[in-house]
Amino acid sequence: MKMHLPIASLLALGALSLPASAQVTTYQLASQAAYSSFIPCMPAGSTACEAYTSAMTVAGQFTLSAPLAASLSATTLAPTAFSFSDGVNTYTEAGAWVHRLMVWTDASGALTQFNLEVRKWLTGTPPHAVGDRLSTLYIDQSLFSATHNAECFFIPVGQSADNCTLLTDWQFTHNASGALSGTFAAASAPMGPQPIPSLSVHGLAAGGGGGPAAAPQARATMRA
């Protein structure tokens, strides 16, 4: 006896058996206190370039194509999407980039350490050059630090301006930082593998059609 099941029913069974590791996961930064430390603009008295205040803080998230694996050590990742704010600048994949995301996880896949830096050009046009200015947001397990209007000082040989070294004399540049409280956590826990329901041939036929009128077309046929 041969049994021919509807293609729609077979596809549905395959979808039910997809592993949890294929699930997109977003990691959200815990709520943070306001900036508590500032590096003023230089030269002294250049208050016009001061951007951050003690009423501001950082927020954001990044998305991965699968949940973080267990026991990672100094592993570099490439998010599929991200969104961060430093109170002045907004960083997303449309106009900004992840300069660094390195993570460590425990046996359950939870973050234990991380280094994250996102950047965004403020002046100039591609390909950018020495002298163009950008903003940058750095977060690790102990602190967050935002820098506005930093100058691209040096571009390593063979690399793009996105990897430039930033000038640290703080000329017309403002920095604010604070102690990190909490960490990144999955916004919603990924679901584990789901059991495949046991259906009869008639159950598959009824579920794969679209109502009583479609049932005759979806019914499995048996041949001796």
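Guide: A definition to begin with: two strands count as paired if DSSP finds at least two bridges between them. Also keep in mind that this is a predicted model.

Visitor: Fine. How does strand 5 pair with strand 8, parallel or antiparallel?

Guide: Antiparallel. Strand 5, residues 75–76, is joined to strand 8 over two bridges. Within that pairing, Thr 76 sits opposite Met 102 of strand 8.

Visitor: What stands opposite Met 102 in strand 9?

Guide: Asn 115. Strands 8 and 9 are antiparallel, with nine bridges between them. They form a hairpin, and five residues separate the two strands. Gly 109 in that turn has a positive phi of about 90 degrees.

Visitor: Let me back up. How many helices and strands are in the chain?

Guide: Three helices and 15 strands. The chain has 224 residues, and 33% of them count as buried.

Visitor: What share of the contacts with a separation of 6 or more is between residues 24 or more positions apart?

Guide: 64%.

Visitor: And how much accessible surface does the chain have?

Guide: About 12,200 Å², with 60% of that belonging to carbon and sulfur atoms.

Visitor: OK, strand 2. Which side chains point to which face there?

Guide: In a regular strand the side chains alternate between the two faces of the sheet. Strand 2 shows this: Thr 25, Tyr 27 and Leu 29 point to one face and are buried.

Visitor: Which strand does strand 2 join through four bridges?

Guide: Strand 4, running antiparallel to strand 2. Thr 26 stands opposite Thr 63 of strand 4. Strand 2 is also joined to strand 14, again antiparallel, by three bridges. There Leu 29 stands opposite Phe 184.

Visitor: Phe 184, then. Which ring does it pair with edge-to-face?

Guide: The structure holds seven aromatic pairs. In one of them, the ring centres of Phe 114 and Phe 184 are 5.3 Å apart and the planes are at 80 degrees, so the pair is edge-to-face. It links distant parts of the chain, with Phe 114 in strand 9 and Phe 184 in strand 14, 70 residues apart.

Visitor: Are those two buried or exposed?

Guide: Phe 114 and Phe 184 are both buried. Ring pairs also link them with Tyr 27, Phe 62 and Phe 84 into a cluster.

Visitor: What about the nonpolar core? Which residues have the most contacts inside the largest one?

Guide: Tyr 35, Phe 62, Phe 84, Leu 137, Ile 139 and Phe 184, in a core of 27 residues. The strands that each supply at least two residues of this core include strand 2, strand 4, strand 6 and strand 10. Strand 9 gives the most, with four residues.

Visitor: What lies apart from it?

Guide: Another core, of eight residues, including Trp 97, Ala 150, Cys 152 and Ala 161.

Visitor: Back to Tyr 35. What is it in contact with, leaving aside neighbours within four places in sequence?

Guide: Among its contacts are Tyr 52, Met 56, Val 58, Phe 144, Ala 146 and Ala 176.

Visitor: Changing topic: where is His 174 found?

Guide: In strand 13, residues 174–179. His 174 has a relative accessible area of 3%, so it is buried; the cut-off is under 20%.

Visitor: Which backbone nitrogen lies 2.9 Å from a polar atom of its side chain?

Guide: That of Ala 51. Not counting residues up to four places away in sequence, His 174 also touches Cys 41, Cys 49, Tyr 52, Ala 146 and His 148, among others.

Visitor: And Gly 178, buried or exposed?

Guide: Buried, because its relative accessible area is 10%. Gly 178 is in strand 13 as well. Beyond its neighbours within four places in sequence, Gly 178 is in contact with Ser 36, Ser 142, Leu 143 and Phe 144.

Visitor: How many Å separate the C-alpha atoms of Gly 178 and Gln 32?

Guide: 8.8 Å, although Gly 178 and Gln 32 are 146 residues apart along the chain.

Technical notes
Residues are numbered from 1 along each chain as its sequence is written. Side-chain values use heavy atoms; hydrogens and water are left out. Buried means under 20% relative accessible area, exposed over 50%, partly exposed in between (1.4 Å probe, protein chains only). Contact means heavy atoms within 4.5 Å. Accessible areas come from the Shrake-Rupley method with a 1.4 Å probe; for residues, only the protein chains shown count as cover. A polar contact is a pair of N or O atoms within 3.5 Å; within protein, one must be able to donate a hydrogen and the other to accept it, and residues adjacent in sequence count only if both atoms are side-chain atoms. Rings of Phe, Tyr and Trp (its six-membered ring) pair if their centres lie within 6.5 Å; planes under 30 degrees apart count as stacked, over 60 as edge-to-face and the rest as tilted. A nonpolar core is a set of buried Ala, Val, Leu, Ile, Met, Phe, Trp, Tyr and Cys residues joined through side-chain atoms within 4.5 Å.
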